Amino acid sequence: MTASASPSTSSRLGLTSSLRVHHGVVVVLVVLVAFLAEGARGQDDPLEPWTPEPEFVASGTEVTAREGERAVLPCSIQNLGTKQVAWKRVDQEHFVAIGDMEWVRDSAISVDARQEELTDLTYWDLVFDPVRPEHAGTYECQITAKDKQSLLLKLKVVGPPVRKVLPLSPALKPGLVLKGEKYVNLGQKILLNCTAHAGPNVLQDIDWFKDGNKLVSDSRRGVVITKFNSAKTKSIVSELIIDHSRASDTGTYICRSASDEIDSLKVTVLNANTTNVKRGHFLEADDKFHVTRSRYDETSYRSGQRKQQQQSAIVVLFLTSWTLLLWCLRWS
């Protein structure tokens, strides 16, 4: 017959079992507290600032230029950041340019790199001056990153070069004359006047070009082209008006008559004293700035919500652990 356990032995067993339960609860509580402390330290780490991805600004996919003129392949990028831009001809393996450095032995090729003030818009235009038939082809503007982004532009070259006709006699005034200011401040109006004198023939039209690209009236950009005939002087007069100039309006402007007479004028938009320009002239730049700012504010708001949720979770875990400990102490 087996002897029953003595009261002292039962007490010891009960105490040992209770201590084991208490020990387990304490271990669980310590682990939870350590986990919560680690989470709290993680909250002190600042949230990495939101960085928008770079993107190309649409500017057309084809440029046609006459042999001997200045041709520009435009490449505009928003939010480029610290990334690089490279130009490459698709039928060749080597780069034409990386950044603002040319990598070909061709003095006619250069990169016009500039940035628009108050925005993250940068320009990396590939310039051919003068453009030759062998320059024709498809070019790729690349953003050098892990995931390559690129924009394809096709350059067409027509010829032969236009022969510039100069006036032979002030009395007859043959030829073509382009007049206007060579330097304008940012935001001011650009006004160019082109007069084509008929001579023995009647000229029917005048075309405008900038850096090899044909210009047309565009009310959204404030670009207006006017034309009228003068029976008294037997001439056609055309005016090119850009209401509010931008940095991107810098370039060589050309007017061409129907008889292929041309005249050109280099216009430079100055960035000095931009604080004196009316705020309305920077509406587009301000809009882009506020869009970027609003995205950053939205990210900060989401970060604050996330932090509040983490703090609530920590409080719930702590209260749950404390309730579990009290329950074990009560029933052990």
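# A report on the predicted chain

Leu 326 is found in helix α2, which covers residues 283-331. Helices here are DSSP runs of H or I with at least four residues, strands are runs of E with at least two, and both are numbered from the N terminus. This is a predicted model, in which local features need pLDDT of at least 70 and side-chain atom pairs count only at pLDDT 80 or more, while totals for chains, interfaces and linings use all residues. Residues are numbered from 1 along each chain as its sequence is written, and side-chain values use heavy atoms, with hydrogens and water left out.

## The chain as a whole

The chain has two helices and 20 strands. Of its 332 residues, 34% are buried; buried means under 20% relative accessible area, exposed means over 50%, and partly exposed lies in between (1.4 Å probe, protein chains only). Areas come from the Shrake-Rupley method with a 1.4 Å probe, and for residues only the protein chains shown count as cover. Among contacts between residues at least 6 apart in sequence, 63% join residues at least 24 apart, a contact being heavy atoms within 4.5 Å.

## A nonpolar patch

Back to Leu 326, which counts as partly exposed because its relative accessibility is 44%. Together with Val 315, Phe 318, Leu 319 and Trp 322, Leu 326 forms a nonpolar surface patch of about 500 Å² accessible area. Patches are made of residues with over 30% relative accessible area and no salt bridge; nonpolar side chains (Val, Leu, Ile, Met, Phe, Trp, Tyr) are joined within 5 Å, like charges within 9 Å.

## Sheet and hairpin

Six strands make an open sheet in the order β2-β11-β10-β5-β6-β7, with mixed pairing. At its edges stand β2 (62-66) and β7 (101-102), each with a single partner strand, so one side of each has no neighbour in the sheet. Two strands pair if DSSP finds at least two bridges between them. Strand β6 (residues 95-98) runs antiparallel to β7 over two bridges, and Ile 98 stands opposite Met 101 in β7.

Elsewhere, β8 (residues 109-115) and β9 (residues 121-128) pair in the antiparallel sense over seven bridges, with Gln 115 opposite Thr 122 in β9. Five residues lie between the strands of this hairpin, where Leu 118 takes a positive phi near 70°.

## A buried glutamate

What surrounds Glu 140, leaving aside its neighbours within four places in sequence? Glu 140 is in contact with Ala 86, Trp 87, Lys 88, Val 90, Lys 148, Ser 150, Leu 151 and Leu 152. Glu 140 is found in strand β10 (residues 137-144) and is buried because its relative accessible area is 10%. Lys 88 is 52 residues away along the chain, yet the C-alpha atoms of Lys 88 and Glu 140 are separated by 5.2 Å. With Ser 150, Glu 140 makes a side-chain polar contact of 2.9 Å. A polar contact is a pair of N or O atoms within 3.5 Å; within protein, one must be able to donate a hydrogen and the other to accept it, and residues adjacent in sequence count only if both atoms are side-chain atoms.

## Charged pairs

Side chains of opposite charge can pair when their charged atoms come close. The structure holds 14 salt bridges, each a side-chain nitrogen of Lys or Arg within 4 Å of a carboxyl oxygen of Asp or Glu. The table gives some of these pairs.

| Salt bridge | N to O distance |
|---|---|
| Arg 114 and Asp 112 | 2.9 Å |
| Asp 205 and Lys 227 | 2.7 Å |
| Asp 211 and Lys 210 | 2.9 Å |

The bridge between Asp 205 and Lys 227 links distant parts of the chain: Asp 205 is in the loop between β14 (190-197) and β15, and Lys 227 is in strand β17 (residues 223-230), 22 residues apart. Asp 205 is partly exposed at 31% relative accessibility, and Lys 227 is partly exposed at 41%. Arg 114 is partly exposed too, at 23%, as is Asp 112 at 29%.

Asp 211 and Lys 210, by contrast, are both buried. Lys 210 lies in strand β15 (residues 206-210) and counts as buried because its relative accessibility is 15%. Beyond four places in sequence, the contacts of Lys 210 are Leu 215, Ser 248, Asp 249, Thr 250, Gly 251, Thr 252 and Tyr 253. Lys 210 and Asp 211 also belong to a network of salt bridges with Arg 70 and Asp 129.
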